[in-house]
Amino acid sequence: MEIDQHAAGTAAPPPVRIIPIPDATSAGYWEAAANHVLTVARCAVCGQTTLPPDMSCPHCHTTEPGFTFVPVEGKARVRTWTVIRRPFLQGFTPPFMLVDVELNDHPHIRMVAGLLDGAEAKLEIGTPVVVAFEDIAPKISVPAFRLEKSA
Ligand SMILES: [Zn+2]
């Protein structure tokens, strides 16, 4: 995935969130995300799943993984988290929380994403969360998570 860091250059631009730009490897992932469906990449050679899709499969190391994107339930458990209190990335207004989760149906897959319940959300290791999507640009939605009880 490439990141477009060139925000519109006006006199006093508002903070613009950087937009993921799908490439050939990640297009299927982002197409599904635009429809609010979380997917993982399945290797055509070994059948194992991974995220994010890379140029090669991390399991069998083929350089022609022919990934297909399979929907997942979108439920996960919190492994750890952090609260960001200082601005470091344009378009993100602190404080906000990032969670590191493992997917229930693919526990070897970890994701780091925003938690939409706010920086004061009460978390424990293992807290159940469910995927949610932030629509940040036309046809671009980014996965985040919510506490499952508030979903
Ligand atoms: Zn593989």
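The questions and answers that follow concern this predicted model.

User: In which strand is the confidence of the chain lowest?
Analyst: Across the chain, pLDDT averages 90, and 89% of the residues score at least 70. Confidence is highest in strand β3 (residues 39–42), with a mean of 98. The lowest mean, 50, belongs to residues 2–4, which form strand β1.

User: Is V142 buried, partly exposed or exposed?
Analyst: V142 lies within strand β10, which covers residues 140–147. A residue is buried at 20 or more C-beta neighbours within 10 Å and exposed at 12 or fewer. Because V142 has 18 such neighbours inside 10 Å, V142 counts as partly exposed.

User: Which element gives the most residues to the largest nonpolar core?
Analyst: The largest nonpolar core has 25 residues, and A41, V99, V101, V129 and F145 have the most contacts inside it. Elements giving two or more residues to this core are α1, β3, β6, β7, β8, β9 and β10. With four residues, the element that gives the most is β7.

User: Which residues is V129 in contact with beyond four places in sequence?
Analyst: V129 is one of the residues with the most contacts inside the largest nonpolar core. Leaving aside neighbours within four places in sequence, V129 is in contact with A76, V78, V99, V101, F145, R146, L147 and E148.

Notes
Residues are numbered from 1 along each chain as its sequence is written. This is a predicted model: local features need pLDDT of at least 70, side-chain atom pairs count only at pLDDT 80 or more; totals for chains, interfaces and linings use all residues. pLDDT is the predictor's confidence in each residue, from 0 to 100. A nonpolar core is a set of buried Ala, Val, Leu, Ile, Met, Phe, Trp, Tyr and Cys residues joined through C-beta atoms within 7 Å. Two residues are in contact if their C-beta atoms, placed from the backbone, lie within 7 Å.
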